[in-house]
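Please examine the sequence and the structure shown below. The paragraphs that follow lead through selected features step by step.

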Amino acid sequence: MFVFVCARCEAELTTPLSQVALPVHAHQSYGNGAQLPVLMESGTFAVDPDPWGPPWRLWDEIDPAEAEARGIYAPVHALSDGASGTIVVAPGDIRGTHLIPEKSGSGGCCGLDGSGGPNMACSACGLAVASRIDDCSLWQAVWLVPDAVRRVPVGGTAAAPLSWDELFEEGKSSPPFEPIITRGASRLGPSHYWSWSPRWEAAAGQALAHLVAASAGRPVTVPDGLIAEIFQRALDTLLPAGPPRRRAVLAGPGRPAPEAGADILLVPVHPQTGQVWTPVGPAAPAYPVPLPLGVWAWMAFAPPYLPVPSSGGIPRDVLRDDPLPPRPAYLFQADSSTFQHTLVRLPAVRSPWLRNILENLPHHRSAGLF
């Protein structure tokens, strides 16, 4: 456990926190006017290894060798020249800070978006220490400036990360659709609509980039059902048709050993360490495609649909299904920004056919693929 203190005056700025992996959707911008929830679970923090925030440089101002040194292998609109190692925490875990008045009204649509630089200061000494984000379509969070804070251990010996078996026993999963709250509140309270989960759209954007990179320019098939609903339409559009096809299968804790001959494995990412689950045996050479544990767990162990008995009451061990969760009225679309962010950071994107997918991304967006 750690607390973060002001680098100038040592005042405590957070409650005790434990480190977890940075969520895939950390920088996601979702919908129009959506009021997204808090990014981080209370009591946790994550570190973004990439530079984040202003100032920004356009791609034409960046030498390709510099970009590759930063792990970016294809053109992007702009790159951040902000600090790397920014720390993100839940707003409720912040202590001893206040908003900077001249920074609290700039840039955002319905709230704060951090585009003008740090907007929170240490209440003890006035040093700018963080950016509060709560604008519409952005995940609510506080991003601590790495050079303005210092991490101090608290408590005793750090607990070891949970094992895969322990995580599997917890049984946590994330449903694929959920209600989205909008900023357009009425007298009866905030309005909402049912949508594919923003977390799933971001997770699919990351996984889809790995799937097309793992395809080697060949068509890819995924398991039928929900997984096909998430990926197959995009794969069939982005990749060429015809044999030979590559096969992607689910693999991970609590699942049977992957079949020999599987080319691609859809595997979970450890939520604390960020490590990808790896198989042993014949499936070990297969390309691992990472998925957040909650998304992977729902794909691997989705709750069954059990109909209501025609007479009598519902047995205690039968899953209730009245009312059924409303399904979105549109096809699933992976998050295009997460797809692009991931693909440009895979060395395989140097291949002309993958570069062509990137160049056609605006067309795929307008066609409703993303």
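Glutamate 10 lies in the loop that runs between strand S1 (2-6) and strand S2 (18-19). The model is a predicted one, and in it glutamate 10 has a positive phi of about 70 degrees although it is not a glycine. Most residues other than glycine have a negative phi. Is glutamate 10 buried, partly exposed or exposed? Its relative accessibility is 40%, and glutamate 10 therefore counts as partly exposed.

Serine 137 also has a positive phi of about 70 degrees, and serine 137 is not a glycine either. This serine is placed in the loop between strand S10 (128-133) and strand S11 (141-144). The relative accessibility of serine 137 is 5%. Because buried means under 20% relative accessible area, serine 137 counts as buried.

A further loop, between strand S4 (44-48) and strand S5 (56-58), contains proline 55. The peptide bond that leads from proline 54 to proline 55 is cis, and its omega is near 0 degrees. Most peptide bonds, by contrast, are trans.

The aromatic rings come next. The structure holds 8 aromatic pairs. One of them is formed by phenylalanine 4 and phenylalanine 45, whose rings lie 5.0 Å centre to centre with 85 degrees between the planes, an edge-to-face arrangement. This pair links distant parts of the chain, since phenylalanine 4 belongs to strand S1 and phenylalanine 45 to strand S4, 41 residues apart. Phenylalanine 4 and phenylalanine 45 are both buried. Ring pairs also join Phe2 with Phe4 and Phe45 in a cluster.

How are the planes of phenylalanine 339 and phenylalanine 370 arranged? The ring centres of phenylalanine 339 and phenylalanine 370 are 5.0 Å apart and the planes stand at 40 degrees, so this pair is tilted. Because phenylalanine 339 lies in helix H6 and phenylalanine 370 in the segment after helix H8 (361-366), the pair ties together parts that are 31 residues apart in sequence.

The contact involves Ala202, Gly205, Gln206, Leu208, Ala209, His210 and Val212 of H3, together with Thr338, Phe339, Thr342 and Leu343 of H6. The residues of this contact comprise 6 nonpolar, 5 polar and no charged.

Terms used: Residues are numbered from 1 along each chain as its sequence is written. This is a predicted model: local features need pLDDT of at least 70, side-chain atom pairs count only at pLDDT 80 or more; totals for chains, interfaces and linings use all residues. Side-chain values use heavy atoms; hydrogens and water are left out. Contact means heavy atoms within 4.5 Å. Helices (H or I, at least four residues) and strands (E, at least two) are DSSP runs, numbered from the N terminus. Ala, Val, Leu, Ile, Met, Phe, Trp, Tyr, Cys and Pro count as nonpolar, Asp, Glu, Lys and Arg as charged, and the others, Gly among them, as polar. Buried means under 20% relative accessible area, exposed over 50%, partly exposed in between (1.4 Å probe, protein chains only). Rings of Phe, Tyr and Trp (its six-membered ring) pair if their centres lie within 6.5 Å; planes under 30 degrees apart count as stacked, over 60 as edge-to-face and the rest as tilted.
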